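Open your viewer and keep the selection tool ready. This tour goes from the whole chain down to single residues.

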Amino acid sequence: MNNHFGDYQNAIYLAGLGGVLPKYPVDFATLKARAEAAMPPAILHYVQGGCGDEYTQDRNALAFHDWGMVPRMLVDTSQRDLSIELFGSKLPSPLFMSPIGVTGLCTQDGHGDLAAARASAQTGVPLTVSTLTNDPLEDIIAATGDTPAYFQLYTPKNHELAASLVRRAENAGYKAIVVTLDTWVTGWRPRDLNNANFPQLRGHVLQNYFTDPVFRELLGADPASDLRAAVLLWVSLFGKVLTWNDLDWLRSLTRLPIVLKGICHPDDARRAVDAGIDAIYCSNHGGRQANGGIAAIDLLPAVVDAAGATPVLFDSGVRSGSDVVKALALGATAVGIGRPYAYGLALGGAEAAAHVLRSILAEADLMMAVNGYPTIADVRSAGASRR
């Protein structure tokens, strides 16, 4: 499968001959600045904000600069292959969209989850749909077209509700269940606290709960008729503390692959593999859940080594195509994008989010082409070293 994503720059340059400039930025710094001007402050702070003084969040991105790759010359890279196999699907690239709990609020119409799904359909980049959405999970996957989608689970305390959410995702056609491990309680987030803003408490991004038969039975009413009661019920049910003893129960809920998100220690990776988990997701939640940690990219090599043949997904701090290639060089099977596509949604919905993804893929493809790496296997063989 030869997908020369770098050809996207040719389309931009050719359009420029006719005086047409890109409608949306191709670099993260300008994208961020434009989004900051476009997004309502409360939503912007929720998307941008990290934990504590945001040092870990900042280090996640800056640490990529500590890693470098050595180019190899006189290699034929005229044909390149960025495709991967993941959860039984052949994908055109190793890129995926990480779950974001306020995606639905990133577009002016409040349907950012559907816009992200359409961007996924347009680019072939899988979307990981959060439990926290403004549209039901069934409607979101219906908009992803032929591109696979994954469902991220914030495991509720009520076992029947957890089973219902997973069952709905499996019946809807999601290809994997991504279980987030580090968010049974929220971390200390000064930006949100200073604005006294927690969108879920205002009834936002709770449609997967409000449309769930188990949740509605527990509520005993239509959530729309008593929003306060529905939100308070959600608060009482959110955030089961998961332990290793829960893995057998999680496995019993579905035939789909189970991915554990938040694994950053090699011993945890080994234990997850020994327990039969289908994939490891190395992530520190972008620095939103705990401050004072080590940049996720610095933890990735040891997790990959411990995981062995088990796929390792990765996110946290990825801002560019070169970041993607470095993560692949350090052993990631697939690389997740978070804030960049959220900013795209804020600027222009599905169209802008797709542009952001295409720009990241173009940079990754061109970096491989120029540096003498025609395939992802070549990237991994070359590896990355600390500067």
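**Stop 1: a threonine inside**

This is a predicted model. Select T131 first. T131 sits in the loop between β5 (127-129) and α6 (137-142). Is T131 buried or exposed? Its relative accessible area is 0%. Buried here means under 20%, so T131 counts as buried.

Now show the neighbors of T131. Leaving out residues up to four places away in sequence, T131 touches F151, Q152, L153, Y154, L165, V205, N208 and Y209. Zoom in on Y154. Its backbone nitrogen lies 3.0 Å from a polar atom of the T131 side chain.

**Stop 2**

Next, center on F215. Which residues does F215 touch, not counting those up to four places away in sequence? They are L161, Y209, F210, A230, L233, W234 and L237. Y209 is a contact of F215, and Y209 is also a contact of T131. Color Y209 to see the link between your two stops.

**Stop 3: the whole chain**

Zoom out and switch to cartoon view. The protein has 17 helices and twelve strands. Its radius of gyration is 20 Å, close to the 21 Å that the globule rule gives for 387 residues, so the protein is as compact as a globular protein of that length. Along its principal axes, the C-alpha trace spans about 70 × 50 × 40 Å.

The accessible surface comes to about 15,800 Å². Carbon and sulfur atoms account for 53% of that surface. How much of the protein is buried? Buried residues make up 59% of the 387.

Think about contacts too. Take those with a sequence separation of 6 or more: 74% of them join residues 24 or more positions apart.

**Stop 4: helix α5**

Select residues 112-123. This is helix α5, with twelve residues. From its first C-alpha to its last, α5 reaches 16 Å, close to the 16 Å expected at 1.5 Å a residue.

Is α5 mostly covered, or mostly open? It is mostly covered, with nine of its twelve residues buried. Highlight some of the buried ones, including G112, D113, L114 and A115. What covers the buried residues of α5? The cover includes β4 (95-97), β5, α6 and α16.

G124 follows, and its phi is positive, near 75°.

**Stop 5**

Most residues other than glycine have a negative phi. Here are two with a positive one.

Select A196, in the loop between α8 (190-194) and α9 (207-210). Its phi is near 45°. A196 has 60% relative accessibility and counts as exposed.

Then select S316, in the loop between β10 (312-314) and α15 (321-329). Its phi is near 110°. S316 has a relative accessible area of 4%, so it is buried.

Show both residues together to finish. A196 is exposed, whereas S316 is buried.

Technical notes. Residues are numbered from 1 along each chain as its sequence is written. This is a predicted model: local features need pLDDT of at least 70, side-chain atom pairs count only at pLDDT 80 or more; totals for chains, interfaces and linings use all residues. Side-chain values use heavy atoms; hydrogens and water are left out. Helices (H or I, at least four residues) and strands (E, at least two) are DSSP runs, numbered from the N terminus. Buried means under 20% relative accessible area, exposed over 50%, partly exposed in between (1.4 Å probe, protein chains only). A polar contact is a pair of N or O atoms within 3.5 Å; within protein, one must be able to donate a hydrogen and the other to accept it, and residues adjacent in sequence count only if both atoms are side-chain atoms. Contact means heavy atoms within 4.5 Å. The radius of gyration is taken over C-alpha atoms; the globule rule is 2.2 Å times the number of residues to the power 0.38. Accessible areas come from the Shrake-Rupley method with a 1.4 Å probe; for residues, only the protein chains shown count as cover. The expected span of a helix is 1.5 Å times one less than its number of residues.
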